[in-house]
Amino acid sequence: METVDAVRGEGCGNAYLFVDAAAAHVADRVRELAPSSTPRWIAGVGGGRLDGVILLERARDVVRQVTVWNADGSRGEVCGNGLRAAAVLVRSVDGVRAGLLASDAAIHRFGFEDDGRVAVSLPPPVFDAERIPLDVGSAARARADEDAPWELLLATAEGRTARGYALSMGNPHLVVPLEHAPVGVLPDAALLEGHAAFPERVNVSYVWRLDAGRIGQRTFERGSGETAACGSGACASAVVARHLGWCDDRLVVEQPGGTLEIRLGGDALELVGPATIGARESLRL
Ligand SMILES: N[C@@H](CCC[C@H](N)C(=O)O)C(=O)O
């Protein structure tokens, strides 16, 4: 058994245990053990809830390769809040203030704003059903506009349905617009996360309009349950909000853990918000 250094890192309260593996054998061991050990690893760390584990590895052409495991040990292809925290960690270790990070989904630019917030790029949204992945036949109703998120009606339980928009930000998302902020438990969130329409499950974000260019959001993440915030979810919500005419090229997303800004102007999306690195921890592999 080997003990390695780890550190808590978070963006808007969406917190992960980071292992910045300089040695290849440590990275290999984390990869091997994380699918089964993540629930135990994050339960063994005090200081508040953790939503998963993130491995950082030295890689060619990018500052770090970033791999994400959700709280249940499943993989997430990309994590917007985790990427911002990774940027803060890289700055503290290497002194680098801008550069490239790689996730399973894309290469991401990162940099720091004058006000201290971290900006990371996310790839353009994907609406192709196979790539989300979305099994259109499992939806009660599905409608696709060209170059827009899928509008779905999904049966949940006891005759209930949910209307939402499906797309991929590198990982699968369902965005459910509501009239008002939901009170208490998110409606049918676990049923939607595991709905047959999403063969690889889905991250479910509930959104409501606050005013022009500003929404509220709560997210039930695939593999982690409801989290304080979801960065890729906020990007998915921004794509849907623009489709619905709720914003132009900029959206502010208020979540229980804090505020994110999404810039939709260019090819890629830009996710801007706070991120911090916290206490050092030890992880027994
Ligand atoms: N918290 C994240 C997303 C983490 C991965 C997600 N649960 C998945 O399985 O796709 C974010 O900030 O984007």
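Reader: What makes the shell around the ligand polar, nonpolar or charged by class?
Author: In this predicted model, the shell around the ligand has 14 polar, three nonpolar and two charged residues. Gly is counted among the polar residues in this scheme, so the class label should be read with that in mind.

Reader: Which residues come nearest to the ligand?
Author: There are 19 residues around the ligand, and Gly76, Asn81, Asn171, Gly231 and Ser232 come nearest. The elements that give two or more residues to this shell are β4 (64-70), α2 and α4 (231-243).

Reader: How do you know which domains the shell around the ligand draws on?
Author: At least three residues of the shell come from each of domain 1 (3-114 + 274-284) and domain 2 (129-266).

Reader: Where is Asn171 found, and what is Asn171 in contact with?
Author: Asn171 is found in the loop between β11 (161-168) and β12 (172-177). Leaving aside neighbours within four places in sequence, Asn171 is in contact with Gly76, Glu77, Val78, Ala105, Asn203 and Ser232.

Reader: Is Gly80 buried or exposed, and what makes it so?
Author: Gly80 has 30 other C-beta atoms within 10 Å; the cut-off is 20 or more, so Gly80 is buried.

Reader: What does Gly80 touch, and where is its place?
Author: The place of Gly80 is in helix α2 (residues 80-94). Not counting residues up to four places away in sequence, Gly80 touches Val120, Leu122, Gly231, Ser232, Ala234, Cys235 and Leu271.

Reader: How do you know that domain 1 and domain 2 are in contact?
Author: Residues count as in contact if their C-beta atoms lie within 7 Å. By that test, 21 residues of domain 1 are in contact with 20 residues of domain 2. The largest share of the side of domain 1 that touches domain 2 comes from α2, with three residues. By class, that side has ten polar, seven nonpolar and four charged residues.

Reader: How many Å apart are the two domain centres?
Author: The C-alpha centres of domain 1 and domain 2 lie 24 Å apart.

Notes:
Residues are numbered from 1 along each chain as its sequence is written. This is a predicted model: local features need pLDDT of at least 70, side-chain atom pairs count only at pLDDT 80 or more; totals for chains, interfaces and linings use all residues. Helices (H or I, at least four residues) and strands (E, at least two) are DSSP runs, numbered from the N terminus. A residue is buried if 20 or more other C-beta atoms lie within 10 Å of its own, exposed if 12 or fewer, and partly exposed in between; C-beta atoms are placed from the backbone. Two residues are in contact if their C-beta atoms, placed from the backbone, lie within 7 Å. A residue is near a molecule or strand if its C-beta atom, placed from the backbone, lies within 6 Å of it. Domain bounds come from an automatic or database domain assignment.
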